[in-house]
Amino acid sequence: MLTIENLHAQVEGKQILNGIDLDVKAGEVHAIMGPNGSGKSTLSSVIAGHQDYEVNEGTMLLEGEDLSELAPEERAHKGIFLSFQYPVEIPGVSVTNFIKTAINASRKAKGLEDMAANEMLKKIREKSSLLGIDSRFLSRSLNQGFSGGEKKRNEIFQLAMLEPKLSILDETDSGLDIDALKIVANGVNKLRSKDNAIIVITHYQRLLEYIVPDFVHVLFDGKIVKSGNKDLAIELEEKGYDWIKEMA
Amino acid sequence: METGSAVTWKYPSCILKGDNSIGEFYSIALTNNYQQADTGTKMIHLGKNTKSTIISKGISAGKSQNSYRGLVQVHPRATNARNFSQCDSLLMGNQCGAHTFPYIEVKNKTAQIEHEATTSKIGEDQIFYCNQRGIDPEKAIALVVNGFSKEVLNKLPMEFAVEAQKLLEISLEGSVG
């Protein structure tokens, strides 16, 4: 589904990614771990197409299609979803209104009519109950005054509504207590299917106990220095990242 | 609702003469390109127990300057007069300006006057967030602006609110830079 080859990227003249290779197939869950400053969040921003990041070498293909010339919204229309580490506030725009706008924007890009109001309502009900979100939450301003858990739950709610092909969860576990983590992870697990793929970016193994990955990659200094299965995450939890740094 | 001319001065006002009379002012002033707007209201409290509310939303884009200028005046015989003013400004880009000039003149000790003002800027992170969800930059700005103006748009009759929303979008066309 997503094929990344020899990806180099910089931000404000600073080289962050130094040759990433990653192949994610439909139905797979990949975890990307690594110490602070290793380039994890940069990788997610680059895949999503953030304008501050400049790709200076390498390719990114989604289902064989080159992403490099596509604007962020076009990548979203192709089915890329990024669950933000720090979701932004938009005062006066309700959770419902925002997701409606997003869904209809993607439909429009595909040449479809706006989703009928009753269909939308049904879908919102279905997905919000999946994540234990009540209706009062849906009428609040997007992320304004949300707790850490509510913000992340709202990201996963949007993921559920948009049904992307490739979801990137950027430190979705940060700022979550154990109960919120379980709710979010359960939500993600319910959305796993053979047709979509998930990349989980995290510092800790904790989230991976709930969202079990097929592959674990360790990112250090802008490169994937080690790949393995879920046992690698446990090994990292025990030994820390120092041995990886020595290896690199 | 003001999207008006190159230079606009406009202060539709209320004289609260009768006892217990109420004045309310809700406005959205949007400036773009090189427009200059200096708009607001006057609430002149003459009668007893008079109340006024001012909600002003200013949106500045391009190289425009947008000012709120408002007078709240409480006369000696206007006992228990109350006013609440809220002026919010939204900036787009870094070449526009927003200004707030509240004038408050109180000549009666029983008056209660409140004034709140905020200034915020449409952030690139907000736009990117919308983009990532499939919303293009122009639509994203319209969304943020509509959210910002919501308290005022909610006061309008439905038909007019829909028109007003469209007008905001048209006035902001091409301001994405």
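**Chain contacts, cores and salt bridges in a predicted model**

A:Glu126 is found in helix H4 of chain A, which spans residues 117–130. The model described here is predicted. A:Glu126 has a relative accessible area of 48%, so this residue is partly exposed. A:Pro164 lies 38 residues away from A:Glu126 along the chain, and the C-alpha atoms of the two are separated by 17 Å.

The contact between the two chains comes next. Chain A contributes 31 residues to the contact, and chain B contributes 19 residues. Three residues, B:Phe128, B:Tyr129 and B:Arg133, supply 38% of the area that chain B buries against chain A. The area buried between the chains is about 2,000 Å². Carbon and sulfur atoms give 67% of that area.

Between chain B and chain A, 10 residue pairs are in polar contact, with both residues at pLDDT 80 or more. Two elements of chain B each give two or more residues to the side that touches chain A: helix H1 (124–132) and helix H2 (137–148). The largest share comes from H1(B), with eight residues. By residue type, the side of chain B that touches chain A divides into eight nonpolar, five polar and six charged residues. The count of salt bridges between the two chains is one. A:Glu155 and B:Arg133 form this salt bridge, and their closest N and O atoms are 2.6 Å apart.

The nonpolar residues were then grouped into cores. The largest nonpolar core has 102 residues. Those with the most contacts inside this core are A:Leu2, A:Ile4, A:Ile47, A:Phe98, A:Phe157, A:Leu166 and A:Ile199. A:Phe98 has partners in both chains, leaving aside its neighbours within four places in sequence. In chain A, A:Phe98 is in contact with A:Ile90, A:Val93, A:Leu142 and A:Gln158. In chain B, the partners of A:Phe98 are B:Tyr129, B:Cys130, B:Arg133, B:Ile135 and B:Leu143. A second core of six residues is separate, and B:Phe25, B:Tyr68, B:Val72 and B:Cys87 are among them.

Side chains of opposite charge can pair when their charged atoms come close. Over all chains, the structure holds 15 salt bridges. One of them joins the side chains of A:Lys165 and A:Glu63, at 2.9 Å from N to O. This pair links distant parts of the chain, 102 residues apart. A:Lys165 sits in the loop between helix H6 (148–162) and strand E9 (166–170) of chain A. A:Glu63 sits in the loop between strand E4 (53–62) and strand E5 (65–66) of chain A. A:Lys165 is partly exposed at 32% relative accessible area, and A:Glu63 is partly exposed at 48%.

A:Glu65 and A:Lys78 also meet in a salt bridge, at 3.3 Å from N to O. A:Glu65 lies in strand E5 of chain A, and A:Lys78 lies in the loop between helix H2 (72–77) and strand E6 (80–83) of chain A, so the pair ties together parts 13 residues apart in sequence. Relative accessibility is 34% for A:Glu65, which counts as partly exposed. A:Lys78 is partly exposed at 31%.

Another salt bridge joins A:Glu235 and A:Lys239, at 3.0 Å from N to O. These two residues are separated by about one helical turn because they are four residues apart in helix H9 (residues 230–239) of chain A. A:Glu235 is partly exposed at 27%, and A:Lys239 is partly exposed at 47%. Salt bridges that share partners also join A:Lys123, A:Glu126, A:Lys127 and A:Glu163 into one network.

Note on methods:
Residues are numbered from 1 along each chain as its sequence is written. Chains are lettered from A and ligands numbered from 1 in the order in which they are written. This is a predicted model: local features need pLDDT of at least 70, side-chain atom pairs count only at pLDDT 80 or more; totals for chains, interfaces and linings use all residues. Side-chain values use heavy atoms; hydrogens and water are left out. Contact means heavy atoms within 4.5 Å. Buried area is the accessible area (1.4 Å probe) that two parts lose on being put together, summed over both. A salt bridge is a side-chain nitrogen of Lys or Arg within 4 Å of a carboxyl oxygen of Asp or Glu. A polar contact is a pair of N or O atoms within 3.5 Å; within protein, one must be able to donate a hydrogen and the other to accept it, and residues adjacent in sequence count only if both atoms are side-chain atoms. Ala, Val, Leu, Ile, Met, Phe, Trp, Tyr, Cys and Pro count as nonpolar, Asp, Glu, Lys and Arg as charged, and the others, Gly among them, as polar. A nonpolar core is a set of buried Ala, Val, Leu, Ile, Met, Phe, Trp, Tyr and Cys residues joined through side-chain atoms within 4.5 Å. Buried means under 20% relative accessible area, exposed over 50%, partly exposed in between (1.4 Å probe, protein chains only).
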